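Let's take a walk through a protein model together. Keep the sequence and the 3D view handy, and look for the ligand and the strands as we go.

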Amino acid sequence: MDKFLVSKSNLSGRVRVSGSKNASLPIMAATLLTDEKCIIKNVPCLKDINTMIKILEILGKKIIFEKNTLTVEAKKSKKYVAPYQLVKTMRASFCCLGPLVAKRKKAKVALPGGCVIGPRPVDLHIKGLISLGADILVEDGYCLAEAKKLKGSHVYLGGPFGSSVLATANIIMAAVLAEGTTVVEHAACEPEVASLILFLRKMGADIEGENTPLLRIKGKKTLRGCEFEIIPDRIEAGTFIAASLATHSHINIEGAEPGHLTSVFEVARKMGAKIKIDKNSRIIQINPPKKIKAVNITTLPYPGFPTDLQAQFMVCLAKASGMSLITEKIYPDRFMHVAELNRMGATVQRTGPYSVIEGKKGLKGAELMASDLRASAALVIAGLAASGKSRIARIYHIDRGYEGIEKKLKKLGANIERVKA
Ligand code: EPZ
């Protein structure tokens with residue numbers, strides 16, 4: 001298993017953001033809604049994308065993935081089982097359920113198990129599909145959904161922690177081929193959901209209301225193939241902003257969509273950063289302060305501050321002057337990185353969904369263990385900001401979601417090496 005060796009670094013120069021993993025995955029699942037060819041550009045080359053490719057292949061699709069372009073060849077198939085061996089490695093595979101039952105009348109998708117970031121139920125996915133008329137049976141660790149014909153319905157998707165990104169994706173993908181009109185209330189408004197809607201519209205779907213919590217979907221008999229370009233990864237862009245702040249380095253970020261990063265800019269500015277966006281090139285310039293100001297951060301569904309950046313920004317707050325409070329409103333248990341940061345000399349106290357961070361002058365390098373995708377990105381940032389050397393184990397987590405992370409960081413001047421353990 002590979003490890004990262006990381007040491008204190010000053011970053012400078014430009015970094016280009018890749019296509020969004022979390023936009024790509026549901027869009028790949030949506031190709032199950034047609035027997036025609038789909039070409040999807042700007043898909044990041046990542047472990048999670050390869051997992052989704054394998055699932056689509058098992059479901060009968062023929063796929064070519066070259067130079068960030070994914071071609072899903074026209075091919076008819078009646079296969080409907082997404083096996084546990086693959087689903088267990090990536091929860092997003094559960095969003096094959098909606099398109100499979102809509103197009104192939106039957107879907108058998110393994111239920112994703114527990115997750116290191118906390119309980120991640122799928123009740124909203126199931127509730128939505130039942131309301132569209134699917135018969136659902138949960139048996140032997142699988143969710144079996146069947147429907148001769150789905151029927152448009154009124155679906156309310158609010159859960160205890162707000163909207164659900166992938167439940168919204170699943171229900172939209174089922175409703176586009178249902179008979180009649182579906183209204184989805186409390187839909188997720190994340191840019192990745194809006195992007196899925198644009199993709200489906202290109203396939204011929206009739207959907208109104210993207211970027212809002214109220215969607216109206218008129219079902220169609222069939223959908224066609226199309227060409228589409230994946231949006232930039234806002235979480236990758238936010239991760240580079242955190243790296244810039246934590247290492248007190250001025251960097252420029254290219255290829256991101258500034259409109260998707262408002263809440264992140266707001267927090268970074270409160271922390272003392274100066275952020276300039278060039279209107280023509282859309283390059284985002286980050287000028288961090290000499291001393292980071294303590295701030296309070298609450299994670300919320302979009303357009304709130306993303307849970308997927310909570311760990312990375314905690315590293316910055318560990319170096320701030322004063323006390324900060326992070327409130328995690330999406331995944332109250334998503335704090336596995338706290339213990340690792342404390343081992344680097346940070347003072348973070350976690351109680352339930354709250355973490356109080358007492359800012360310190362510096363962090364010290366240590367032997368570290370990555371626990372999940374975003375926590376591993378946080379540990380890399382912490383290693384770059386700390387004195388001495390850090391050795392980070394289990395970096396396969398980071399390879400799930402950051403395309404060429406060490407190449408990109410090295411280009412910015414980071415001291416980071418991938419070594420065989
Ligand atoms: C998506 O997961 C992302 N994954 C996650 O990114 C991200 O953290 C999350 O949205 C929140 O923004 C992908 O897009 C592939 P949710 P998703 O359903 O859709 C609760 C990353 O690091 N809930 O929006 O699975 C749930 O427990 C990852 O890239 C229910 O109660 O998340 C959570 O508290 C990790 N019942 C809240 O809703 C349900 O049926 C939001 O989760 C579904 C969810």
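Two strands count as paired if DSSP finds at least two bridges between them. Strands themselves are DSSP runs of type E with at least two residues, while helices are runs of type H or I with at least four, and both are numbered from the N terminus. One thing to keep in mind is that this is a predicted model, where local features need pLDDT of at least 70, side-chain atom pairs count only at pLDDT 80 or more, and totals for chains, interfaces and linings use all residues. Residues are numbered from 1 along each chain as its sequence is written, and side-chain values use heavy atoms, with hydrogens and water left out.

Now put the pairing idea to work. Find strand E9 (residues 142-146): here Ala-145 is the bridge partner of Ile-136. E8 and E9 pair in the antiparallel sense, over 5 bridges. They belong to an open sheet of 4 strands in the order E6-E7-E9-E8, with mixed pairing. At its edges sit E6 (81-82) and E8 (135-139), each pairing on one side only.

Next, hop over to strand E18 (residues 296-299). Which strand does E18 run parallel to? That's E19 (residues 323-328), joined to E18 by 4 bridges. Ile-297 has Ile-326 in E19 as its bridge partner.

Time to visit the ligand. It is surrounded by 24 residues, the closest being Asp-123, Ser-164, Asp-308, Ile-330 and Arg-374 (a residue is near a molecule if one of its heavy atoms lies within 4 Å of it). By class, this shell has 13 nonpolar, 5 polar and 6 charged residues. Domain 1 (2-15 + 233-420) and domain 2 (23-229) each supply at least three residues to the shell; these bounds come from an automatic or database domain assignment.

An N or O atom in the side chain of Asp-308 is 2.6 Å from a ligand oxygen. For Arg-374, a polar side-chain atom lies 2.7 Å from a ligand oxygen, and for Asn-22 the distance is 3.1 Å. On its own, the ligand exposes 830 Å², and the protein buries 91% of that (areas come from the Shrake-Rupley method with a 1.4 Å probe). Helices H1 (21-30), H5 (123-131), H6 (165-175) and H12 (373-385) are the elements giving two or more residues to the shell. H5 gives the most, with 3 residues.

How values were computed. Polar contact = N/O pair within 3.5 Å; in protein donor to acceptor, adjacent residues only side chain to side chain. Nonpolar A, V, L, I, M, F, W, Y, C, P; charged D, E, K, R; others polar.
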